[in-house]
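My entries follow in the order I made them.

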Amino acid sequence: MDGPGAEGARLPPARAGSRLCVRCGERKAALKRPKTLEQICRECFYIVFEDEIHQTIVENSLFKAGERVAIGASGGKDSTVLAHVLSELNCHHNYGLDLFLLSVDEGITGYRDDSLETVKRNEIQYGLPLKIASYKDLYGWTMDNIVKAIGLKNNCTFCGVFRRQALDRGAALLKADKIVTGHSADDIAETVLLNILRGDIARLSRCTFITTGEDGPIPRCKPFKYTYEKEIVIYPVYEISYIFISFFTTPTLFKIENGLIWLYHDPGIYSPNAYRGFAREFIKDLERMRPRAILDIIKSGENFRISTTRRMPEQGTCERCGYISSQKLCKACVLLDGLNRGLPKLGIGRTKAGAGAESDGKQRTKRSERNTSSLQGKHGNFDF
């Protein structure tokens with residue numbers, strides 16, 4: 001089963017004559033870790049997987065005892081494994097956290113409504129309270145309606161901007177101190193590459209931070225920053241009596257065949273040609289040649305420095321809704337204003353809000369295309 005969107009992680013059963021686990025030296029190796037290529041047994045895999053995440057949490061001081069932490073839960077593999085692991089570590093290492101599940105309902109019929117059923121099962125499974133923030137309640141629009149207005153070309157802009165703000169608003173309703181998301185090492189490496197290709201120096205300077213938004217109302221943390229996506233998938237697959245994890249998937253996203261786990265990256269029904277998909281395939285090609293390439297890209301992103309002679313955008317607050325923004329109006333308000341006025345393309349492109357939002361949409365789209373074509377622009381330049 002070969003294809004450009006498939007990526008396999010071998011999961012052979014322990015056989016007579018197979019090698020012993022390099023960790024314990026007692027049990028037969030059951031898999032080769034995608035991250036290190038070590039041959040280890042399934043028991044050691046679980047221990048190492050959880051221990052590495054615990055070390056990431058401790059070394060980066062992600063949490064303080066007594067904090068209320070909202071887990072961004074989509075029902076997919078990353079967020080579901082994150083909820084399970086964080087619940088386990090919270091108990092075993094006595095973090096003293098008050099954990100919640102926080103989901104966003106974008107209003108995508110046949111996709112998000114199904115995955116939310118998985119989140120509701122996780123709520124019962126882990127005994128964690130669940131809050132669902134919906135686009136319909138927050139903005140008066142669903143993604144189904146937005147796509148009817150804007151089409152398939154630019155709908156990702158709306159979904160991404162609205163989702164980020166919806167998570168913050170939902171977390172505020174939960175009175176959360178922090179939000180944790182299931183972004184893996186693969187996701188962060190892709191983002192580094194995307195920001196380089198787009199010449200977005202402002203985002204490149206912070207995309208590898210394990211905690212972001214510390215100057216905003218609710219910081220966000222990424223405990224899976226150094227965790228490979230393949231290992232996140234392997235974690236719930238083995239049938240061990242004390243682990244049962246249920247997550248939402250589709251027949252084309254996750255399949256086991258001939259001792260292999262195949263990952264098919266589903267870009268979403270409204271984003272079949274998302275730009276991130278090209279970066280993802282490139283990252284996977286690099287990983288096949290050199291598994292450590294993912295961590296190397298993250299490390300490179302961490303070592304980027306911005307020229308001190310360049311002025312970076314300053315964070316402020318939106319005059320209309322109070323959300324963090326570097327312009328008079330935040331991106332969500334500009335996009336929502338365009339939808340409500342029957343001008344859905346009003347906020348598309350890299351443009352200034354406020355007075356700029358009233359200018360002609362076509363001119364701003366052309367300006368955006370010119371700006372994104374160069375690696376050096378108003379956001380700064382690279383300093384290696």
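I count two strands as paired if DSSP finds at least two bridges between them. Helices (H or I, at least four residues) and strands (E, at least two) are DSSP runs, numbered from the N terminus.

Ground rules. I am reading a predicted model, where local features need pLDDT of at least 70 and side-chain atom pairs count only at pLDDT 80 or more, while totals for chains, interfaces and linings use all residues. Residues are numbered from 1 along each chain as its sequence is written, and side-chain values use heavy atoms, with hydrogens and water left out.

Entry 1, the sheet. I found an open sheet of 6 strands with mixed pairing, in the order β6-β5-β4-β7-β9-β8. At its edges I noted β6 (130-134) and β8 (211-212), each of which pairs on one side only.

Entry 2, β5. Which strands pair with β5 in the parallel sense? I found β6, over 5 bridges with β5 (residues 98-105), and β4, also over 5 bridges. On the β6 side, Leu-101 stands opposite Leu-130, and Val-104 has Ala-133 as its bridge partner. I then checked burial (buried is under 20% relative accessible area, exposed over 50%, partly exposed in between, with a 1.4 Å probe and protein chains only). Of the 8 residues of β5, 6 are buried, so the strand is largely enclosed by the rest of the structure.

A crossover is right-handed if, with the strands pointing away from the viewer, the path from the first strand over the helix to the second runs clockwise. By that rule I logged a right-handed β-α-β unit made by β4, helix α2 (residues 77-92) and β5. I logged another right-handed unit made by β5, α3 and β6.

I placed Arg-112 in helix α3. Is Arg-112 buried or exposed? It is buried, with a relative accessible area of 10%. Its side chain is joined to that of Glu-106 by a polar contact of 2.5 Å; such a contact is a pair of N or O atoms within 3.5 Å, and within protein one must be able to donate a hydrogen and the other to accept it, with residues adjacent in sequence counting only if both atoms are side-chain atoms. Leaving aside neighbours within four places in sequence, I listed Ser-74, Val-104, Asp-105 and Glu-106 in contact with Arg-112 (contact means heavy atoms within 4.5 Å).
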